[in-house]
Amino acid sequence: MAAPRQSLPTLRQLLAGVHMRLILFTVTLATASLLLSGMIVIRNYASRNLQLTAHTVAYTVEPAVVFGDRAAVLEAIVSVAAVGGIDRVEVREPGGPVLAAWNHPHGDLHSRFEDLANRLLWASPAFHPVVRGGRVLAEVRVYGNSEGVLRYALSGAIIALSCLGLTVIATRILARRLQRDVIEPLDHVAAIAHAVRTDRAFEKRIPSSGIAEIDRFGQDFNALLAELQGWHAGLTSENAELARRATHDSLTGLGNRALFEQALGEAICASVRSGVAFAVLYLDIDDFKAINDRHGHDSGDAALIAVAERLRSSIRQVDSAFRLGGDEFAVVLAPFHNRAHVEGVVARIHLAMERSFRLPSGLFARSTVSLGVAVYPDDGISPSDLLRRADAEMYQMKRHARYEGETGHGADA
Amino acid sequence: MALHGLMILTAALAGEVPAPAGAAELVSAAAEGVGGGARDESYAPATARIVGGIIEYTRWPAQAGPLTLCAAGPTRRGGRLDAVRLADGRAVHRREVGPVPSAIGGCQVLYIGDVQPLVLRQLVAAARGNGVLTIAEADPACRSQAMFCMVYEPRAVSFRMNLDAIARSGLRVDPRVLRLAEGGR
């Protein structure tokens, strides 16, 4: 599996990002709407409060205005107005000078910002006339204070920020949990896919996970793996069969010339290392051409199969027989310490050839073979030397056999 | 506010009096010569305003028509009392009466001028229980059982009120006026 590129985000990052955006959007929306509606409600209440204050001030200052007592007017204002939410109260004669005015004693928190907010929130003061007997004696103007609204906005913002912090932490935790529940099964799938690709571990399977989609995916993946495993096994066996065919004779099942040369080379190497002699037998079927000509190629093939089968049964497990082509066979005998062993094998081969075999025509036949032996290292140290020697010995033996054959030996049908 | 015995309240009307009030008072007193008949016009507007206010916030049991304000005895600072107008348009008629109890019949407001304390008490006693609003000009300590007493200071005119007397008078005085009386705040 290639290392994940830096530019690609992980699923967890994606999830966390989506969550974060969602949370930010939600909290911002909720906060903004709550703050706004809260501020509107508070402002409405404050506005009503201003009206009420103006009304109360008008009622309270009325006698003081009638008596013309400015100090009493101021005292009446103070007794009503010092409740908060009010920035300034003034009582003035209709269209005339100010009789008395009271200003909110601003604390340390007062700022130009608050002044601005005051002007924005309370563009016009609450107004109420002081009426006595249908005559307007004075006018009361009450200017609002934005302190309450600002405090609400500030505390709302602080609460919103805290909520945001909490939800961000919660989002992290959720994302981690989601990762554990979703990404771990996926990681498992990825790890198995990786193992299958690199190690050909087709026998691995994905365990079931707690999520329906991933479970379905895992089951399909497992089914796919099973199919792959089947295909892989088929391919492997076909490959092995092909490889075997490349080095074996299809008719007799013996190794072919290529395998023989390889085996001979290896035997020489082994003998060089161990210092123990080994032998190569070279043989062909006597009068094979005559068999082919007289009884047909089917019979020739039957003869080849019979000879190969007898050859195989005459040698030990550690020896190996080959068909070099046509009616020529070879045997590489495993290292031996006693030359008599070779004679024994040769005798067994000849004995085995005595048994008759069945031709496709239904007749029984017997074949003899001519055989030459070359011993390494006595008869040569290179493969070609050994072969040439064995070949020469075989021809010598064949000539001898032909000479004897005129007196009765040979293939009989 | 605890009401027991004589509760006296006074109102101070700052800045209502022209600046050289004290001097003018002395000068005019010297000019007018002897006795209580000397008039002091510099306090007259403030006096009229306070008396008007008190009448304004007083309710009589039978509220009808114009009010009669009787000025009893020599009133030194009541020169503008005829100019009193009520907000609802009712007129206030001024009538000069002698400082004797028999003379105050038909008065709704009794403004008592500078008379002997004994005479003052007699007049107040005669008015009590008859629905008469009593205002004493020359009793700053308000010991005469008058409902309201004018208080003159060099630069200010204010008033006191006798809550006991008001309670027994049978008249209703707007409680907001209490705040304006001296000591009522």
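Glu90(A) comes out as buried, at 2% relative accessibility (buried is under 20% relative accessible area, exposed over 50% and partly exposed in between, with a 1.4 Å probe and protein chains only). Its side chain meets that of Arg92(A) in a salt bridge, 2.9 Å from N to O (a salt bridge being a side-chain nitrogen of Lys or Arg within 4 Å of a carboxyl oxygen of Asp or Glu). Arg92(A) itself is partly exposed, with a relative accessible area of 25%.

A word on the ground rules. This is a predicted model, where local features need pLDDT of at least 70, side-chain atom pairs count only at pLDDT 80 or more, and totals for chains, interfaces and linings use all residues. Residues are numbered from 1 along each chain as its sequence is written, chains are lettered from A and ligands numbered from 1 in the order in which they are written, and side-chain values use heavy atoms, with hydrogens and water left out.

Side chains of opposite charge can pair when their charged atoms come close. Over all chains, the structure holds 21 salt bridges. One of them joins Arg245(A) to Glu241(A), with the closest N and O atoms 3.1 Å apart. Both residues sit in helix H5 (residues 212–247) of chain A, 4 residues apart, or about one turn of the helix (helices, H or I with at least four residues, and strands, E with at least two, are DSSP runs numbered from the N terminus). Arg245(A) is exposed at 53% relative accessible area, while Glu241(A) is partly exposed at 30%.

Another salt bridge pairs Asp286(A) with Lys398(A), the closest N and O atoms being 3.0 Å apart. Asp286(A) belongs to the loop between E5 and helix H7 (288–295) of chain A and Lys398(A) to helix H10 (residues 383–405) of chain A, so this pair ties together parts that are 112 residues apart in sequence. Both Asp286(A) and Lys398(A) are buried.

Strand E5 (residues 278–285) of chain A also has a partner: it pairs with E10(A) in the antiparallel sense over 8 bridges (two strands pair if DSSP finds at least two bridges between them). Within that pairing, Asp284(A) stands opposite Ser370(A) of E10(A). Strand E10 of chain A (residues 369–376) has 8 of its 8 residues buried, so the rest of the structure largely encloses it. Val369(A), Leu371(A), Val373(A) and Val375(A) point one way from E10(A), with Ser370(A), Gly372(A), Ala374(A) and Tyr376(A) pointing the other way, and all are buried.

Thr10(A) counts as partly exposed, at 42% relative accessibility. Its C-alpha atom is 9.6 Å from that of Ile183(A), 173 residues away along the chain. Leu14(A), which lies in helix H1 of chain A, is likewise partly exposed, with a relative accessible area of 46%. Between Leu14(A) and Ala175(A), the C-alpha distance is 9.5 Å, across 161 residues of sequence.

Turning to chain B, there are 5 helices and 9 strands, and along the sequence they follow the pattern β-α-α-β-β-β-β-α-β-β-β-α-β-α. Of the 185 residues in chain B, 49% are buried. Among contacts in chain B with a separation of 6 or more, 64% come from residues 24 or more positions apart (contact means heavy atoms within 4.5 Å).

Where the chains meet, 18 residues of chain B are in contact with 16 residues of chain A. Together they bury about 1600 Å², 55% of it on carbon and sulfur atoms (buried area is the accessible area, with a 1.4 Å probe, that two parts lose on being put together, summed over both). Between chain B and chain A the count is 2 salt bridges. Arg176(B) forms a salt bridge with Glu62(A), the closest N and O atoms being 3.4 Å apart. Both residues belong to a salt-bridge network that also links Arg132(A), Glu56(B) and Asp174(B). The charged end of Arg176(B) also sits over the ring of Tyr59(A), 3.9 Å from its centre (a charge sits over a ring if NZ of Lys or CZ of Arg is within 6 Å of the ring centre and within 35 degrees of the ring normal). In chain A, the charged end of Arg48(A) sits over the ring of Tyr45(A), 5.4 Å from the centre.
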